[in-house]
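Please read this briefing with the model open beside you.

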Amino acid sequence: MEHKTVLILATDGDSTRMIYHALVKHFDISSIILEQKESRKVFIKRRLKKLGLAKVTGQLLFQVLVAPVLKVTSRNKVQKIVSGNGLCRSEIPEEKIVRVNSINSSQVEDILQEKQPDVVIVNGTRIISRKILNAATCVFINSHTGITPRYRGVHGGYWALANGDKENCGVTVHLLDEGIDTGEVLYQEVTEVTEKDNFVTYPYLQTAKSIPLLVHAVNDAFNNRIKKEKIGGKSQLWYHPTMWDYLYNRLIKKVK
């Protein structure tokens with residue numbers, strides 16, 4: 001068989017590390033391009049313009065007052081999910097990494113044009129521009145922690161549970177386009193959660209569920225057998241919860 005390679009575009013973090021260490025067991029990862037996270041000031045300014053002061057203030061209160069407590073109290077549960085699914089959160093070998101300020105930089109375009117991977121896997125980056133999508137003649141595949149198109153954006157599993165929509169608490173592996181989680185679907189699967197899970201542990205369960213789907217999708221691409229589907233129905237973009245969103249959902253709906 002002709003030698004085929006995978007390149008990863010991502011931000012650093014547990015999900016990226018778990019995906020890398022899982023995929024490298026199956027495929028040749030030529031390199032992983034890690035995008036620097038957007039400055040908090042720029043992020044907040046953009047969100048204020050889009051969502052307004054009250055919403056963004058509530059989101060910041062959640063991130064400052066609630067999320068750190070959840071992270072500390074969920075450490076043991078997270079470790080059980082990671083070890084129970086044979087996942088690895090260790091550092092990615094530095095020789096595989098190219099660090100960039102933006103995934104849409106000319107540096108990334110040049111790397112893609114030079115390497116011409118057979119598949120590009122995307123995880124956690126900002127919206128990727130058309131020039132980057134056109135820089136390599138291959139499919140770009142994204143792993144999304146939500147069932148699209150109903151739960152686009154962030155924290156799709158959490159919002160599905162908060163909406164009493166447990167059958168749509170899951171993951172989607174889809175082709176990437178210029179929209180936000182709007183690409184054609186390759187695979188979707190529901191994630192099983194328990195009463196011991198919460199806002200922090202949901203993404204680990206979802207990443208564990210998505211990895212086998214990513215392996216299938218890459219193999220499909222390598223063998224020219226990708227089957228894509230454009231799913232209709234309600235489409236909505238979701239954002240980070242505010243502190244009062246979270247407290248209401250926890251106290252009234254029992255969604256942690």
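In which loop does Asn224 lie? Asn224 is found in the loop between helix 8 and strand 9 (237–238), where helices (H or I, at least four residues) and strands (E, at least two) are DSSP runs numbered from the N terminus. The model is a predicted one, in which local features need pLDDT of at least 70, side-chain atom pairs count only at pLDDT 80 or more, and totals for chains, interfaces and linings use all residues. Residues are numbered from 1 along each chain as its sequence is written, and side-chain values use heavy atoms, with hydrogens and water left out.

**Overall form**

- The protein has nine helices and nine strands, and along its principal axes the C-alpha trace spans about 55 × 40 × 40 Å.
- The radius of gyration is 18 Å, which agrees with the value near 18 Å that a compact globule of 256 residues would have; the radius is taken over C-alpha atoms, and the globule rule is 2.2 Å times the number of residues to the power 0.38.
- Of the 256 residues, 48% count as buried, where buried means under 20% relative accessible area, exposed means over 50%, and partly exposed lies in between (1.4 Å probe, protein chains only).
- The accessible surface comes to about 13,100 Å², of which 52% belongs to carbon and sulfur atoms; such areas come from the Shrake-Rupley method with a 1.4 Å probe, and for residues only the protein chains shown count as cover.
- Among contacts with a separation of 6 or more, 72% are between residues 24 or more positions apart, a contact being heavy atoms within 4.5 Å.

**The inside of the protein**

- The largest nonpolar core has 55 residues, and those with the most contacts inside it are Val6, Ile8, Leu23, Phe62, Val119, Ile121 and Ile141; helix 8 (residues 202–222) gives the most to this core, with 12 residues.
- Apart from this core lies another, of 17 residues, among them Ile33, Ile103, Ala135 and Ala136. A nonpolar core is a set of buried Ala, Val, Leu, Ile, Met, Phe, Trp, Tyr and Cys residues joined through side-chain atoms within 4.5 Å.
- Leaving aside neighbours within four places in sequence, Phe62 is in contact with residues including Phe199, Pro241, Met243 and Tyr246.
- Helix 1 (residues 14–23) is mostly covered, since eight of its 10 residues are buried, and its cover includes strand 1 (5–10), strand 2 (28–35), helix 4 (75–84), strand 4 (119–123) and helix 8.
- Thr5 lies in strand 1 and counts as buried because its relative accessibility is 14%.

**Salt bridges**

- The structure holds 12 salt bridges, each defined as a side-chain nitrogen of Lys or Arg within 4 Å of a carboxyl oxygen of Asp or Glu.
- Asp14 and Arg89 meet in a salt bridge (3.2 Å, N to O), which links helix 1 with the loop between helix 4 and strand 3 (97–100), 75 residues apart.
- Lys228 forms a salt bridge with Glu184, the closest N and O atoms being 3.8 Å apart; Lys228 lies in the loop between helix 8 and strand 9 and Glu184 in the loop between strand 7 (170–175) and strand 8 (185–190), so the pair ties together parts that are 44 residues apart in sequence.
- The side chains of Glu189 and Lys209 meet in another salt bridge (3.5 Å, N to O), with Glu189 in strand 8 and Lys209 in helix 8, 20 residues apart.
- Asp12, Arg17 and Glu91 are linked in a network of salt bridges, and Arg17 is one of the buried residues of helix 1.

**Backbone details**

- Thr148 and Pro149 are joined by a cis peptide bond, with omega about 0 degrees, and Pro149 lies in the loop between strand 5 (139–144) and strand 6 (152–153).
- His155, a residue other than glycine, has a positive phi near 60 degrees and lies in the loop between strand 6 and helix 7 (156–162).
- Asn224 likewise has a positive phi of about 55 degrees although it is not a glycine, and Asn224 counts as exposed because its relative accessibility is 74%.
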